[in-house]
Amino acid sequence: MAYEDIIQQVIEFLGTFAFAISGIRHAAAKHFDWFGGYVCGIAVAIGGGTIRDVMLGTTPFWMANPIYMICTALALVFVVIFAKHLKRLSNTWFFFDTLGLALFTIAGIQKSLVFGQPYWVAIIMGCITGSAGGVIRDILLNNEPVIFRKEIYAIASVLGGATYWLLDVLGSSVEVTVIFSFLVTCLMRYLAIRYHLSLPTLKGEWPAD
C-alpha cells in the first residue's frame, strides 16, 4: 500500500470516528435510542463520502471495508460510556464536529485528486465530504441544516481546501499540506464561533408559493 493511501485511510478513519460522535450527540439531544443514535452517527460519518464517491464514479468507501461501520459502533460505545463526563465539557461536541469537518475535507480532496479531478472540483468534493453528512443528519433529526445557518461551516471547509491547493502548488510535502489545511479549517471554525463571524443573510419579503 502506498504511503499516500495509508494517510488517506488514517484520515478517513479518524474523521469517521469524530463525525460519528458528533451525529450520536445530536441524536442523544433528541432522546433517540441506541439504534437511532447509530443511524445518525453513520449518516454523518459516511453520508458526505458516499455522495463524493458516487459523483466520482467509484464504489463508496465504506462498502469496501467494514471498519467504518465498526468505527461508528465504537463511537456509540464511547458516547454511552462517557456521556456524563462529556456533558460537563461544553466544547467537546464542537471539537469532534470541527475535527470531522477538517479531516473529511482533506480526505475528499485527496481522493478526488487520485481520480484525476482538477483542484476546483477537488475543493468542492472536499466540502461535500465534510458537510453533506451533517445535512443528512439534520434532515433525519428535523433540524435546519447547519450549513444554511449564519454560522460559518462549509466556508471553513472551502478555505481549508484552498490552503491545500496553494501549498501543493508551492511544492510542499503531503504532510505539511495536510497539517496546514487541517489547521486552517479548524481555526476558521473556531474564529467563527468565538467572534460570531457569519456571512450576510438574504433579506426581502417574498410571498409564499
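Author: The dialogue below takes up helix packing and then salt bridges. This is a predicted model, in which local features need pLDDT of at least 70 and side-chain atom pairs count only at pLDDT 80 or more, while totals for chains, interfaces and linings use all residues. Residues are numbered from 1 along each chain as its sequence is written, and side-chain values use heavy atoms, with hydrogens and water left out.

Reader: At what angle do α5 and α6 pack?

Author: Helices (H or I, at least four residues) are DSSP runs, numbered from the N terminus. Axes are lines fitted to C-alpha atoms, for helices over the stretch in contact, and angles run from 0 to 180 degrees between N-to-C directions. Here, helix α5 (residues 119–140) packs against helix α6 (residues 154–169) at an angle of about 140 degrees, and their axes are 9 Å apart.

Reader: What word describes how α5 and α6 lie to each other?

Author: Angles under 35 degrees count as roughly parallel, over 145 as roughly antiparallel, 65 to 115 as roughly perpendicular and the rest as oblique. The helices α5 and α6 are therefore oblique to each other. As for handedness, a crossing is left-handed if the near helix is turned anticlockwise from the far one by less than a right angle, and right-handed if clockwise. The crossing of α5 and α6 is right-handed.

Reader: Which residues make the contact between α5 and α6?

Author: Contact means heavy atoms within 4.5 Å. On α5 the contact is made by Y119, I123, G126, C127 and S131, and on α6 the residues include W165 and D168. For the classes, Ala, Val, Leu, Ile, Met, Phe, Trp, Tyr, Cys and Pro count as nonpolar, Asp, Glu, Lys and Arg as charged, and the others, Gly among them, as polar. The contact of α5 with α6 has eight nonpolar, four polar and one charged residues.

Reader: How does α4 pack, and at what angle does it meet α6?

Author: Helix α4 and helix α6 pack at about 50 degrees, with axes 10 Å apart. They are therefore oblique to each other, and their crossing is right-handed. Among the contact residues are L101, T105 and I106 of α4, and A156 and Y164 of α6. By class, this contact of α4 with α6 has six nonpolar, four polar and no charged residues. With α5, helix α4 crosses at roughly 140 degrees, the axes coming within 7 Å.

Reader: How many salt bridges does the structure hold?

Author: A salt bridge is a side-chain nitrogen of Lys or Arg within 4 Å of a carboxyl oxygen of Asp or Glu. The structure holds five salt bridges. One of them joins E12 and R52, whose closest N and O atoms are 3.4 Å apart. This pair links distant parts of the chain, with E12 in helix α1 (residues 3–29) and R52 in helix α2 (residues 34–56), 40 residues apart.

Reader: Are E12 and R52 buried or exposed?

Author: Buried means under 20% relative accessible area, exposed over 50%, partly exposed in between (1.4 Å probe, protein chains only). Both E12 and R52 are buried.

Reader: Which residue forms a salt bridge with D53?

Author: The partner is K111, the closest N and O atoms being 3.2 Å apart. K111 lies in helix α4 (residues 92–114) and D53 in helix α2, 58 residues apart. The relative accessible area is 15% for K111, which is therefore buried, and 0% for D53, which is therefore buried. E12, R52, D53 and K111 are linked in a network of salt bridges.

Note on methods
Helices (H or I, at least four residues) and strands (E, at least two) are DSSP runs, numbered from the N terminus.
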